[in-house]
Amino acid sequence: MFDLSTRCSASISRKALGMVLSGIAASSFFPTAEVRAQSVPIPFAGLLAGGGAVCSASLPVFAVSGTGAKYGDGCPATQATLNAPVALATDTFGDVFIADQTYQLVRVVYNGSPALAAAITASNVQNPGLVPVKGNIYTIAGGITATPTEGTKYCSQAGSGVIGTDTSLDGCPASQSEQGPRGLAVDADGNLFIASVSPDSQIRVFYVGGAKAAALITLENPTITSPQIGYVYNIAGGNSSAYSGDGALAVKASLNTPRGIYVDANENV
(Lines give C-alpha, C1' and ligand atoms only; values in the text may rest on other atoms or scores of the structure.)
Protein backbone atom coordinates (compact mmCIF):
# COMPACT_ATOMS: atom_id res chain seq x y z
CA MET A 1 0.00 0.00 0.00
CA PHE A 2 1.31 3.44 -0.87
CA ASP A 3 1.33 5.72 2.21
CA LEU A 4 0.76 9.25 0.94
CA SER A 5 1.66 10.75 4.30
CA THR A 6 5.20 9.34 4.33
CA ARG A 7 6.18 8.66 0.74
CA CYS A 8 5.08 11.87 -0.95
CA SER A 9 6.06 15.49 -0.63
CA ALA A 10 4.13 17.50 1.95
CA SER A 11 2.97 19.68 -0.93
CA ILE A 12 1.06 16.89 -2.65
CA SER A 13 -2.07 19.04 -2.91
CA ARG A 14 -0.11 21.35 -5.23
CA LYS A 15 0.92 18.50 -7.42
CA ALA A 16 -2.39 17.04 -8.58
CA LEU A 17 -1.26 17.51 -12.17
CA GLY A 18 1.81 15.46 -11.36
CA MET A 19 -0.33 12.45 -10.66
CA VAL A 20 -0.78 10.21 -13.68
CA LEU A 21 -3.15 7.48 -14.76
CA SER A 22 -0.82 4.85 -16.13
CA GLY A 23 0.41 1.38 -16.70
CA ILE A 24 -2.69 -0.58 -17.47
CA ALA A 25 -6.16 -1.17 -18.65
CA ALA A 26 -7.95 2.14 -18.34
CA SER A 27 -10.99 1.19 -20.41
CA SER A 28 -14.19 -0.80 -20.10
CA PHE A 29 -12.52 -3.68 -21.97
CA PHE A 30 -10.53 -4.57 -18.84
CA PRO A 31 -11.84 -5.42 -15.36
CA THR A 32 -9.15 -3.61 -13.38
CA ALA A 33 -7.06 -0.48 -13.53
CA GLU A 34 -4.38 1.14 -11.43
CA VAL A 35 -3.67 4.69 -10.34
CA ARG A 36 0.01 5.41 -9.79
CA ALA A 37 2.08 8.24 -8.37
CA GLN A 38 4.41 9.69 -10.96
CA SER A 39 7.65 8.99 -9.10
CA VAL A 40 6.61 5.77 -7.36
CA PRO A 41 6.83 2.41 -9.16
CA ILE A 42 3.94 0.76 -7.29
CA PRO A 43 0.18 1.34 -7.49
CA PHE A 44 -1.57 2.96 -4.55
CA ALA A 45 -5.10 2.25 -5.79
CA GLY A 46 -6.51 -0.56 -7.88
CA LEU A 47 -5.64 -4.20 -8.36
CA LEU A 48 -2.81 -5.23 -10.64
CA ALA A 49 -4.09 -6.72 -13.89
CA GLY A 50 -5.13 -10.27 -13.05
CA GLY A 51 -4.87 -9.59 -9.33
CA GLY A 52 -7.35 -11.07 -6.89
CA ALA A 53 -6.51 -9.78 -3.45
CA VAL A 54 -9.27 -9.98 -0.87
CA CYS A 55 -9.66 -7.54 2.00
CA SER A 56 -9.17 -8.97 5.46
CA ALA A 57 -12.37 -10.21 7.04
CA SER A 58 -11.57 -8.06 10.07
CA LEU A 59 -11.97 -4.86 8.04
CA PRO A 60 -15.35 -3.22 7.30
CA VAL A 61 -15.68 -4.53 3.75
CA PHE A 62 -18.74 -3.25 1.93
CA ALA A 63 -18.24 -5.25 -1.28
CA VAL A 64 -16.53 -8.47 -0.32
CA SER A 65 -16.06 -10.32 -3.60
CA GLY A 66 -16.01 -10.00 -7.36
CA THR A 67 -14.88 -7.11 -9.53
CA GLY A 68 -17.92 -4.85 -9.42
CA ALA A 69 -18.10 -1.09 -9.17
CA LYS A 70 -17.62 -0.80 -5.41
CA TYR A 71 -15.41 -3.87 -4.88
CA GLY A 72 -12.93 -3.19 -2.11
CA ASP A 73 -14.73 -0.30 -0.41
CA GLY A 74 -13.42 -0.09 3.15
CA CYS A 75 -10.25 -1.98 2.17
CA PRO A 76 -6.68 -0.84 1.46
CA ALA A 77 -6.87 0.96 -1.87
CA THR A 78 -4.60 -1.54 -3.64
CA GLN A 79 -7.24 -4.22 -3.09
CA ALA A 80 -10.04 -2.31 -4.82
CA THR A 81 -11.23 -2.58 -8.40
CA LEU A 82 -11.06 0.49 -10.65
CA ASN A 83 -12.24 0.68 -14.24
CA ALA A 84 -11.13 3.57 -16.47
CA PRO A 85 -10.06 6.20 -13.91
CA VAL A 86 -10.06 9.45 -15.89
CA ALA A 87 -9.38 12.23 -13.37
CA LEU A 88 -7.67 12.82 -10.05
CA ALA A 89 -7.74 15.56 -7.43
CA THR A 90 -6.10 15.94 -4.01
CA ASP A 91 -6.86 18.09 -0.99
CA THR A 92 -4.45 19.62 1.53
CA PHE A 93 -4.44 16.40 3.60
CA GLY A 94 -3.32 14.29 0.64
CA ASP A 95 -6.70 12.56 0.24
CA VAL A 96 -6.86 11.36 -3.37
CA PHE A 97 -10.16 11.59 -5.27
CA ILE A 98 -10.63 9.34 -8.32
CA ALA A 99 -13.25 9.72 -11.07
CA ASP A 100 -14.10 6.29 -12.46
CA GLN A 101 -15.60 6.67 -15.93
CA THR A 102 -16.85 3.13 -16.49
CA TYR A 103 -18.28 2.55 -13.03
CA GLN A 104 -19.82 6.06 -13.01
CA LEU A 105 -18.71 7.00 -9.51
CA VAL A 106 -16.15 8.94 -7.49
CA ARG A 107 -13.99 7.25 -4.86
CA VAL A 108 -11.41 8.55 -2.42
CA VAL A 109 -8.24 7.09 -0.98
CA TYR A 110 -8.59 8.53 2.52
CA ASN A 111 -5.52 10.14 4.09
CA GLY A 112 -6.73 11.95 7.15
CA SER A 113 -9.00 15.00 6.67
CA PRO A 114 -11.42 15.08 9.65
CA ALA A 115 -14.03 17.00 7.64
CA LEU A 116 -13.79 14.50 4.79
CA ALA A 117 -14.14 11.60 7.23
CA ALA A 118 -17.49 13.01 8.37
CA ALA A 119 -18.56 13.51 4.74
CA ILE A 120 -17.61 9.94 3.78
CA THR A 121 -19.71 8.60 6.66
CA ALA A 122 -22.66 10.84 5.81
CA SER A 123 -22.53 9.86 2.14
CA ASN A 124 -22.54 6.14 2.91
CA VAL A 125 -25.83 6.02 4.77
CA GLN A 126 -26.04 2.28 4.09
CA ASN A 127 -23.09 1.81 6.46
CA PRO A 128 -24.02 3.67 9.66
CA GLY A 129 -21.16 4.17 12.08
CA LEU A 130 -18.52 3.97 9.37
CA VAL A 131 -15.15 5.34 10.56
CA PRO A 132 -12.79 5.94 7.58
CA VAL A 133 -9.30 4.45 7.89
CA LYS A 134 -6.21 6.07 6.39
CA GLY A 135 -5.07 4.30 3.23
CA ASN A 136 -8.46 2.70 2.60
CA ILE A 137 -10.75 3.51 -0.33
CA TYR A 138 -14.39 4.60 -0.18
CA THR A 139 -17.09 5.44 -2.72
CA ILE A 140 -18.32 8.96 -2.05
CA ALA A 141 -20.54 9.77 -5.05
CA GLY A 142 -22.45 7.78 -7.64
CA GLY A 143 -22.61 4.06 -8.14
CA ILE A 144 -26.38 3.64 -7.96
CA THR A 145 -27.70 0.61 -9.80
CA ALA A 146 -30.81 2.10 -11.34
CA THR A 147 -31.65 5.39 -13.01
CA PRO A 148 -34.50 7.18 -11.21
CA THR A 149 -37.48 8.40 -13.19
CA GLU A 150 -39.34 11.67 -12.86
CA GLY A 151 -41.68 10.03 -10.36
CA THR A 152 -38.99 8.44 -8.14
CA LYS A 153 -36.96 11.18 -6.52
CA TYR A 154 -36.40 9.45 -3.22
CA CYS A 155 -32.69 9.18 -2.54
CA SER A 156 -33.03 5.55 -1.50
CA GLN A 157 -35.17 4.78 -4.60
CA ALA A 158 -37.40 2.87 -2.19
CA GLY A 159 -40.40 5.20 -2.11
CA SER A 160 -39.63 6.79 1.25
CA GLY A 161 -37.04 8.82 3.10
CA VAL A 162 -35.11 11.84 1.85
CA ILE A 163 -36.36 13.31 -1.44
CA GLY A 164 -33.84 14.48 -4.01
CA THR A 165 -34.14 17.82 -5.77
CA ASP A 166 -34.10 16.30 -9.27
CA THR A 167 -33.99 12.97 -11.07
CA SER A 168 -30.17 12.88 -10.84
CA LEU A 169 -30.75 12.76 -7.06
CA ASP A 170 -29.04 16.01 -6.16
CA GLY A 171 -29.77 16.95 -2.55
CA CYS A 172 -29.16 13.32 -1.56
CA PRO A 173 -26.33 11.51 0.21
CA ALA A 174 -23.79 11.53 -2.59
CA SER A 175 -23.36 7.76 -2.83
CA GLN A 176 -27.09 7.57 -3.68
CA SER A 177 -26.79 9.99 -6.60
CA GLU A 178 -26.28 9.30 -10.28
CA GLN A 179 -22.93 10.46 -11.64
CA GLY A 180 -20.96 10.50 -14.88
CA PRO A 181 -17.68 12.01 -13.64
CA ARG A 182 -15.02 13.26 -16.05
CA GLY A 183 -13.24 16.08 -14.17
CA LEU A 184 -12.54 16.85 -10.50
CA ALA A 185 -11.37 19.86 -8.50
CA VAL A 186 -11.09 20.59 -4.78
CA ASP A 187 -11.53 23.98 -3.08
CA ALA A 188 -9.66 25.29 -0.05
CA ASP A 189 -12.20 23.73 2.35
CA GLY A 190 -11.97 20.29 0.77
CA ASN A 191 -15.26 20.39 -1.16
CA LEU A 192 -15.11 18.27 -4.30
CA PHE A 193 -16.42 19.74 -7.57
CA ILE A 194 -17.41 17.16 -10.18
CA ALA A 195 -17.73 17.79 -13.92
CA SER A 196 -20.30 15.22 -15.01
CA VAL A 197 -21.46 14.16 -18.47
CA SER A 198 -24.45 12.06 -17.39
CA PRO A 199 -27.31 11.77 -16.75
CA ASP A 200 -27.20 15.45 -17.75
CA SER A 201 -24.16 17.62 -18.38
CA GLN A 202 -23.61 19.53 -15.15
CA ILE A 203 -21.20 20.64 -12.42
CA ARG A 204 -21.92 19.31 -8.94
CA VAL A 205 -20.45 19.70 -5.47
CA PHE A 206 -19.77 16.97 -2.92
CA TYR A 207 -20.18 19.13 0.17
CA VAL A 208 -17.61 18.74 2.95
CA GLY A 209 -18.10 22.12 4.66
CA GLY A 210 -17.23 25.80 4.58
CA ALA A 211 -19.15 29.03 4.04
CA LYS A 212 -18.08 29.72 0.46
CA ALA A 213 -19.33 26.43 -0.98
CA ALA A 214 -22.50 26.66 1.12
CA ALA A 215 -23.21 30.14 -0.24
CA LEU A 216 -22.74 28.94 -3.81
CA ILE A 217 -24.99 25.91 -3.30
CA THR A 218 -27.80 27.96 -1.73
CA LEU A 219 -27.51 30.68 -4.38
CA GLU A 220 -27.97 28.14 -7.17
CA ASN A 221 -30.57 26.09 -5.26
CA PRO A 222 -33.05 28.41 -3.50
CA THR A 223 -34.91 25.46 -1.95
CA ILE A 224 -31.72 24.44 -0.08
CA THR A 225 -31.25 26.54 3.04
CA SER A 226 -28.51 24.51 4.72
CA PRO A 227 -26.37 22.11 2.66
CA GLN A 228 -25.79 18.76 4.30
CA ILE A 229 -22.29 17.35 4.71
CA GLY A 230 -21.77 14.33 2.47
CA TYR A 231 -24.56 15.34 0.10
CA VAL A 232 -24.20 16.36 -3.55
CA TYR A 233 -25.67 19.49 -5.15
CA ASN A 234 -25.87 20.80 -8.70
CA ILE A 235 -24.41 24.26 -9.28
CA ALA A 236 -24.39 24.50 -13.10
CA GLY A 237 -26.12 22.89 -16.06
CA GLY A 238 -28.24 19.77 -15.85
CA ASN A 239 -31.00 20.85 -18.22
CA SER A 240 -29.74 19.34 -21.48
CA SER A 241 -26.50 18.85 -23.36
CA ALA A 242 -26.36 22.18 -25.14
CA TYR A 243 -24.95 25.72 -24.97
CA SER A 244 -27.27 28.31 -23.49
CA GLY A 245 -27.99 30.45 -20.45
CA ASP A 246 -25.25 33.08 -20.30
CA GLY A 247 -26.22 35.88 -17.92
CA ALA A 248 -28.54 33.73 -15.80
CA LEU A 249 -27.99 31.54 -12.76
CA ALA A 250 -25.65 28.71 -13.71
CA VAL A 251 -28.20 26.02 -12.89
CA LYS A 252 -30.48 27.58 -15.51
CA ALA A 253 -27.79 27.15 -18.17
CA SER A 254 -27.04 24.17 -20.36
CA LEU A 255 -23.59 22.65 -20.67
CA ASN A 256 -22.33 20.02 -23.07
CA THR A 257 -20.11 17.25 -21.64
CA PRO A 258 -17.95 19.33 -19.25
CA ARG A 259 -14.62 17.70 -18.47
CA GLY A 260 -11.99 20.18 -17.27
CA ILE A 261 -12.74 22.08 -14.06
CA TYR A 262 -10.90 24.41 -11.67
CA VAL A 263 -11.98 26.31 -8.54
CA ASP A 264 -10.15 29.44 -7.35
CA ALA A 265 -9.83 30.92 -3.86
CA ASN A 266 -13.08 32.90 -4.27
CA GLU A 267 -15.07 29.85 -5.34
CA ASN A 268 -15.24 30.91 -8.98
CA VAL A 269 -15.58 27.71 -11.01
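Predicted model: local features only at pLDDT ≥ 70, side-chain atom pairs only at ≥ 80, totals over all residues.
**Strand β5 and its partners**
- β5 is joined to β6 by five bridges, with the two strands running antiparallel.
- β4 and β5 also pair in the antiparallel sense, again over five bridges, and within this pairing A99 has V106 of β5 as its bridge partner.
- The hairpin of β4 and β5 has four residues between the strands, and Q104 takes a positive phi near 60 degrees there.
- Five of the five residues of β5 are buried, so the strand is largely enclosed by the rest of the structure.
- L105, R107 and V109 point one way from β5, whereas V106 and V108 point the other way, and all are buried.
- In a regular strand, side chains alternate between the two faces of the sheet.

**Nonpolar cores**
- The largest nonpolar core has 23 residues, of which F97, L116, I120, I140, L184, L192 and F206 touch the most other members.
- Among the elements that each supply at least two residues of this core are β4 (96-100), β5 (105-109), α2 (114-123) and β6 (137-142), while α2 gives the most, with four residues.
- Leaving aside neighbours within four places in sequence, L116 is in contact with D91, D95, F97, V108, Y110, F206 and V208.
- A second, separate core of 17 residues includes A185, V205, L216 and I261.

**Helix α3**
- In α3 (residues 211-220), A213, A214, L216, I217 and E220 are buried; because they cover an arc of only 165 degrees around the axis, they lie on the same side of α3.
- These buried residues of α3 pack against β9, β10 (202-206) and β11 (231-237).

Key
Residues numbered from 1 in each chain as written. Heavy atoms only, no water. Core = buried A, V, L, I, M, F, W, Y, C linked by side-chain atoms within 4.5 Å. Buried < 20%, exposed > 50% of the residue type's maximum accessible area, 1.4 Å probe, protein only. Contact = heavy atoms within 4.5 Å. Arc of directions from axis to C-beta. Pairing = 2+ DSSP bridges.
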